[in-house]
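Student: I've got a model open and want a quick walk through the fold. Can we start with a hairpin?

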Amino acid sequence: MYIRIGQGFYMVGGGDAGPGISSYKDCNVYLVADGGQAVLFDAGSGLDTGRILENIREAGVEPSQIQYLFITHCHGDHAGGVQDMKRALPCLEVVASAKEAKLMEAGTERMLGLAAAKIKGAYPADYVFRHQKADRIVEHREVFRISGMEVEAIVVPGHSIESVCYQMDFKGRRYLFSGDSVYKNGALSLQNCYGSSLERYRKYLPRLAGRGIDALIPAHFGFTLTNGQAHIEKALAYLESSALPPMV
Ligand SMILES: [Zn+2]
């Protein structure tokens with residue numbers, strides 16, 4: 001199962017809080033393919049990585065064409081599947097920010113936010129985050145060029161210790177893969193666990209201001225292909241007010 005969003009652009013994973021095309025815990029997983037090369041945004045939970053790989057094949061893309069796996073942050077639903085992906089695709093370059101990469105490689109359940117999420121009931125008690133070393137540490141404003149895609153990393157701590165949003169210019173449209181940092185209608189995601197901070201949201205979310213984003217593509221819930229920047233500016237306006245911003 002997969003959803004074709006545009007030419008070369010597919011949703012290939014997404015659980016209960018998304019389209020229900022892969023394991024129930026998976027965040028939305030996006031695939032962009034062009035000229036025999038492809039990139040993937042986030043890896044899902046690792047509960048059924050085989051399903052995501054199958055979805056990629058169903059979309060007509062051979063998983064071995066995927067050059068980069070861009071990780072937004074290392075909560076289980078986004079990065080728990082990285083180890084499986086890497087085992088299936090040894091040539092894949094797993095890209096993460098320095099602090100998130102540290103968590104991905106050796107973070108405790110507390111530091112991964114997993115202990116608190118289990119208490120909340122968001123993960124089964126026996127869920128295990130399988131650690132994996134990143135292949136490449138991404139810096140703020142680093143740019144990747146892959147066939148017709150240009151991807152810029154924007155480091156936005158707030159939802160997690162060092163979340164990354166990825167801006168992508170592709171076929172005349174500007175996308176923002178925003179992970180859990182910002183959603184439609186300016187909603188944010190602050191959590192009561194290690195790494196999440198409203199103060200850092202205030203400090204770093206302005207890095208997303210005025211970027212002319214067409215498509216806002218978060219890792220859960222809905223996306224929009226037009227006027228994405230207006231949703232982001234809404235979030236920035238909320239952060240100016242003393243009232244707590246809307247949270248998902
Ligand atoms: Zn998260």
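Tutor: S3 and S4 form a hairpin with two residues between them. In the turn, Gly 35 has a positive phi of about 55 degrees. Helices (H or I, at least four residues) and strands (E, at least two) are DSSP runs, numbered from the N terminus.

Student: Experimental or predicted? And how are residues numbered?

Tutor: This is a predicted model: local features need pLDDT of at least 70, side-chain atom pairs count only at pLDDT 80 or more, and totals for chains, interfaces and linings use all residues. Residues are numbered from 1 along each chain as its sequence is written.

Student: How do S3 and S4 pair, and over how many bridges?

Tutor: S3 and strand S4 (residues 37-41) pair in the antiparallel sense over five bridges. Two strands count as paired if DSSP finds at least two bridges between them. Leu 31 stands opposite Leu 40 in S4.

Student: What about S2 and S3?

Tutor: Strand S2 (residues 9-13) pairs with S3 in the antiparallel sense too, over four bridges. There, Gly 13 has Val 29 in S3 as its bridge partner.

Student: Why call S3 largely enclosed?

Tutor: Five of the six residues of S3 (residues 29-34) are buried, so the rest of the structure largely encloses this strand. Buried means 20 or more other C-beta atoms within 10 Å of the residue's own; exposed means 12 or fewer, and partly exposed is in between, with C-beta atoms placed from the backbone.

Student: Which residues touch the most other members of the largest nonpolar core?

Tutor: Leu 31, Val 32, Leu 69 and Ile 71, out of 71 residues in that core. A nonpolar core is a set of buried Ala, Val, Leu, Ile, Met, Phe, Trp, Tyr and Cys residues joined through C-beta atoms within 7 Å. In soluble globular proteins, nonpolar side chains tend to be buried together.

Student: What is Val 32 in contact with?

Tutor: Leaving aside neighbours within four places in sequence, Val 32 is in contact with Gly 8, Phe 9, Ala 38, Val 39, Met 149, Met 168 and Phe 170. Contact means C-beta atoms, placed from the backbone, within 7 Å.

Student: Zoom out. How many helices and strands?

Tutor: The protein has seven helices and twelve strands. Of its 248 residues, 50% count as buried. Its C-alpha atoms fill a box of roughly 50 × 45 × 30 Å along the principal axes.

Student: Now the sheet with S8. What's the strand order?

Tutor: S8-S9-S10-S11-S12, five strands in an open sheet with mixed pairing. Strand S8 (143-146) and strand S12 (215-218) are at the edges with a single partner strand each, so one side of each has no neighbour in the sheet.

Student: And inside that sheet, how do S9 and S10 pair?

Tutor: Strand S9 (residues 149-155) and strand S10 (residues 164-170) pair in the antiparallel sense over six bridges. Ala 153 has Tyr 166 in S10 as its bridge partner. S10 also pairs with S11 in the antiparallel sense, over five bridges. On that side, the bridge partner of Tyr 166 is Phe 177 in S11.

Student: Which residue has a positive phi in the S10 and S11 hairpin?

Tutor: Lys 171, near 50 degrees. That hairpin has two residues between the strands. Six of the seven residues of S10 are buried, so that strand is largely enclosed by the rest of the structure.

Student: Over to helices. Which residues of H7 are buried?

Tutor: In helix H7 (residues 228-238), Gly 228, His 231, Ile 232 and Ala 235 are buried. They cover an arc of only 100 degrees around the axis, which puts them on the same side of H7. The arc is that of the directions from the helix axis to the C-beta atoms. Strand S11 (173-179) and S12 are among what covers these residues.

Student: And H4?

Tutor: In helix H4 (residues 98-106), Lys 99, Glu 100, Ala 101, Leu 103 and Met 104 are buried. The buried residues of H4 pack against helix H2 (76-79), helix H3 (82-88), strand S6 (93-96) and strand S7 (136-137).

Student: Last one: where is Gly 46?

Tutor: Gly 46 is in the loop between S4 and helix H1 (49-58). Gly 46 counts as buried because 24 C-beta neighbours lie inside 10 Å. Leaving aside neighbours within four places in sequence, its contacts are Gly 80, Gly 81, Gln 83, Asp 84 and Arg 130.

Terms used
Contact = placed C-beta atoms within 7 Å.
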